[in-house]
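Here is a friendly walk through a structure, section by section. Keep the viewer open as you read.

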Protein chains: 2
Amino acid sequence: MTAKPKAIVLLSGGMDSCVTTAMAARECRLAALHVSYGQLTEARERRAFEQIADFYEITERLHVDQSYLRRIGGSALTDPSISLREADLDAADIPASYVPFRNAHFLAAAVSWAETIGASRIYIGAVEADSSGYPDCRPEYYQVYNRLIAAGTRPETRIEIVTPLITLRKQEIVKKGIELGAPFHLSWSCYRSQEMACGRCDSCALRLRAFEQAGAKDAIPYAAQPSYHPHAAS
Amino acid sequence: MTAKPKAIVLLSGGMDSCVTTAMAARECRLAALHVSYGQLTEARERRAFEQIADFYEITERLHVDQSYLRRIGGSALTDPSISLREADLDAADIPASYVPFRNAHFLAAAVSWAETIGASRIYIGAVEADSSGYPDCRPEYYQVYNRLIAAGTRPETRIEIVTPLITLRKQEIVKKGIELGAPFHLSWSCYRSQEMACGRCDSCALRLRAFEQAGAKDAIPYAAQPSYHPHAAS
């Protein structure tokens, strides 16, 4: 019997990282990494991280503070003076919630930690299809990042980024999570609020539509139904 | 007359970033970025950063705190329990001062800031030849990083990492700095000490040898001459 490989999972606490953790837990011994980057809902996201890590009995955890991203600014997620738009899932442009080059910061932390603790994989729940159009959520980005790891670490180091959700639609992610018993009720996706999900930001709208299309009910409470929603008035 | 392009220079405060700043200042309007990453000599390095930025009249400055790298550990630069070896400039292995994947953290901060303030170049004083053998100081690493920037930023964003020293020997860097009037007296290279350079760590040894080979005198004070030095006893 071969021991499972050791892996780091980037666990923001949202539904995608929750399902990614469920998938990674079947394959690997997990360590969990959470990043604070000055986002408005950080305290709530961190609670989701801790609770999901508890659920999967992950004892090796690292919390990294990259809140300097708030001072760099350029995003509605970190700068309260930039408005988060109401959900518009048909918009083709990159939304104001884009944090310039954000995932490179998260991955750098994961790679440094992986090289130090001897993990050979890094799981990240990036989603291209059906997402908000962020450039750092596309498969080619992770292909290049894997080349960067090979070029920038010790010669004997082998670390690979794994993106199990990247080609899935959001409703498929919900179905996969249900199949694996992922604790969606512990996860948090809203960009705006920490008490009750707003139901109106892109992230809430994507989540609600995904659950509806999957024929499932989302267990977390919402303050409002998003405007795209065909049953909003019911 | 075309306006000079805007660029960010990664300015640690060491001799290489000092000369890089001197070179970049001739080509570009500069913004200066300094990173604290929990290194033992941070306070001294930050003073060097501020003084060199003053010297070049760079008003747009950003100090980024990535001191979570100290908690990740794995390096003698950030973990006091790991010994910094005495200088051994002929050693072929990667020394204990290697901070796993460190430059990826610095570059991520530079790219996020560049995309936000509209800078089109990032200068970094990485040196391959005649250096300590860090994997993230090789030209191919920066080629891959430039591809990562193209893949991971907005479609209209154009940012290029520039490494003007990467093929130079240390003595050539000293000569270039003297030619350009770089303020070496304000720079700091020692890995160990903040009052008087130790003269014995890799970084001091590389610097002292470079000045000697360039036929120049280093203006900063040293506590000792490194053991490799042919005139150590004189």
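## Ground rules

This is a predicted model, in which local features need pLDDT of at least 70, side-chain atom pairs count only at pLDDT 80 or more, and totals for chains, interfaces and linings use all residues. Residues are numbered from 1 along each chain as its sequence is written, while chains are lettered from A and ligands numbered from 1 in the order in which they are written.

## Chain A in outline

Chain A holds seven helices and five strands; helices (H or I, at least four residues) and strands (E, at least two) are DSSP runs, numbered from the N terminus. Along the sequence, the pattern of chain A reads β-α-β-α-β-α-α-β-α-β-α-α.

Chain A has 234 residues, of which 50% count as buried. A residue is buried if 20 or more other C-beta atoms lie within 10 Å of its own, exposed if 12 or fewer, and partly exposed in between, with C-beta atoms placed from the backbone. Among the contacts in chain A with a separation of 6 or more, 71% are between residues 24 or more positions apart. Two residues are in contact if their C-beta atoms, placed from the backbone, lie within 7 Å.

## The sheet of chain A

In chain A, five strands make an open sheet with the order 3-2-1-4-5 and parallel pairing. Strand 3 (61-65) and strand 5 (160-162) of chain A are the edge strands, each pairing on one side only. From one strand to the next, the twist averages 25 degrees. Two strands pair if DSSP finds at least two bridges between them. Strand 4 (residues 121-123) of chain A pairs with strand 5 of chain A in the parallel sense over three bridges, and A:Ile122 has A:Ile161 in strand 5 as its bridge partner.

Two helices to look at next are helix 1 and helix 4 of chain A. Helix 1 of chain A lies across strand 1 (6-10), strand 2 (29-36) and strand 4 of chain A, at about 170 degrees to strand 1. Helix 4 (residues 102-117) of chain A lies across strand 1, strand 2, strand 3, strand 4 and strand 5 of chain A, at about 145 degrees to strand 2. Axes are lines fitted to C-alpha atoms, for helices over the stretch in contact, and angles run from 0 to 180 degrees between N-to-C directions.

## Helix 1 against helix 6 in chain A

Two packed helices are described by the angle between their axes and the distance between the axes. For helix 1 (residues 15-27) and helix 6 (residues 170-180) of chain A, the angle is about 45 degrees and the axes are 9 Å apart. Helix 1 of chain A is therefore oblique to helix 6 of chain A; angles under 35 degrees count as roughly parallel, over 145 as roughly antiparallel, 65 to 115 as roughly perpendicular and the rest as oblique.

On the helix 1 side of chain A, A:Met15, A:Asp16, A:Cys18, A:Val19, A:Ala22 and A:Met23 meet A:Ile173, A:Lys176, A:Gly177 and A:Leu180 of helix 6. By class, this contact between helix 1 and helix 6 of chain A has seven nonpolar, one polar and two charged residues. Ala, Val, Leu, Ile, Met, Phe, Trp, Tyr, Cys and Pro count as nonpolar, Asp, Glu, Lys and Arg as charged, and the others, Gly among them, as polar.

## A buried arginine

A:Arg209 sits in helix 7 (residues 202-213) of chain A. A:Arg209 counts as buried because it has 20 C-beta neighbours inside 10 Å. Between A:Arg209 and A:Gln171 there are 7.7 Å in space, C-alpha to C-alpha, and the two are 38 residues apart in sequence.

## Chain B and the interface

Chain B has an open sheet of five strands in the order 3-2-1-4-5, with parallel pairing. Strand 1 of chain B is largely enclosed by the rest of the structure, because four of its five residues are buried. Strand 1 and strand 2 of chain B pair in the parallel sense over five bridges, and B:Ala7 has B:Leu30 in strand 2 as its bridge partner.

Where the chains meet, 32 residues of chain B are in contact with 32 residues of chain A. Helix 4 of chain B gives the most to the side of chain B that touches chain A, with 10 residues. By class, that side of chain B has 18 nonpolar, eight polar and six charged residues.
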